[in-house]
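Please read them with the structure open.

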Amino acid sequence: MTVLRALSMAMVLGIAVQVQPACADGRLPQGGSYEVTARLELPHLERWAVDKKTIICVPNSLKDDKLPIPIVSANNPFAKCSSANVAAEFPKLEYDIVCPGRGAAKGHAIYLLSGDNFSGRVAMVLGAKNMTMTEVQQGRRIGNCNPWGWSARF
């Protein structure tokens, strides 16, 4: 009987200490403020890509189909877009970006989550212009979100 009890206790402890995903629902990195280094890559212009740093707030959960991790490139048409077909199997997060309107921009994001970090690529097509580009992101959590709601750009 003591062997059975010891085996049961070992199984319970083994389950209790399993590594948990970065977020409770496995769909996002841990909520908070992230410093993101992003680079916009255009086909055939690799040498012109410039890294840009910014600070974003990642929510603890998805609300209203908003983008889990925003696109941070300047002058992008994705501010009013939403996420669709979200597929999250830790450590991978993948979703489509859908924008309202005919001939609107669209995209597809793939991220790898790792505790307080993420890295990803967002393939984007700018609406009727048939222009494609990719935003490459590296993010690391630096604390809680700013209570005033503004973000910093470097």
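**Aromatic contacts and strand pairing**

1. Start with Tyr111 and Phe118. Both residues are buried. Keep in mind that this is a predicted model.

2. How buried is Phe118? Its relative accessibility is 2%, so Phe118 falls under the 20% cut-off for a buried residue. Phe118 and Tyr111 make an aromatic pair of the edge-to-face kind. The ring centres are 5.7 Å apart, and the planes stand at 80 degrees. That angle is over 60 degrees, which is why the pair counts as edge-to-face.

3. The count of aromatic pairs comes to 3. Another of them joins Tyr34 to Phe118. Here the centre-to-centre distance is 5.5 Å and the angle between the planes is 50 degrees.

4. Which parts of the chain does the Tyr34 and Phe118 pair tie together? Tyr34 sits in strand β1 (residues 32-41) and Phe118 in strand β6 (residues 117-125). The pair therefore links parts that are 84 residues apart in sequence. Tyr34 is buried as well, with a relative accessible area of 0%.

5. Look at the rings as a group. One aromatic cluster is formed by Tyr34, Tyr95, Tyr111 and Phe118.

6. Now the strands. β1 pairs with strand β7 (residues 132-143). The sense is antiparallel, and the pairing runs over 9 bridges. Within it, Arg39 stands opposite Val136 in β7.

7. β7 also pairs with β6, again in the antiparallel sense and over 9 bridges. Phe118 faces Gly139 of β7 across this pairing, standing opposite that residue.

8. Check the turn between β6 and β7. The two strands form a hairpin with 6 residues between them. Gly127 lies in that turn and has a positive phi of about 45 degrees.

9. A second hairpin deserves a look. It joins β3 to β4 through 2 residues. Strand β3 (residues 82-89) and strand β4 (residues 92-98) pair in the antiparallel sense, with 6 bridges. Ser83 stands opposite Ile97 in β4.

10. One general point for reading side chains along these elements. In a regular strand, side chains alternate between the two faces of the sheet.

Methods. Residues numbered from 1 in each chain as written. Predicted model: local features only at pLDDT ≥ 70, side-chain atom pairs only at ≥ 80, totals over all residues. Heavy atoms only, no water. Phe/Tyr/Trp six-rings, centres within 6.5 Å; stacked < 30°, edge-to-face > 60°. Helix = DSSP H or I, 4+ residues; strand = E, 2+ residues; numbered from the N terminus. Buried < 20%, exposed > 50% of the residue type's maximum accessible area, 1.4 Å probe, protein only. Pairing = 2+ DSSP bridges.
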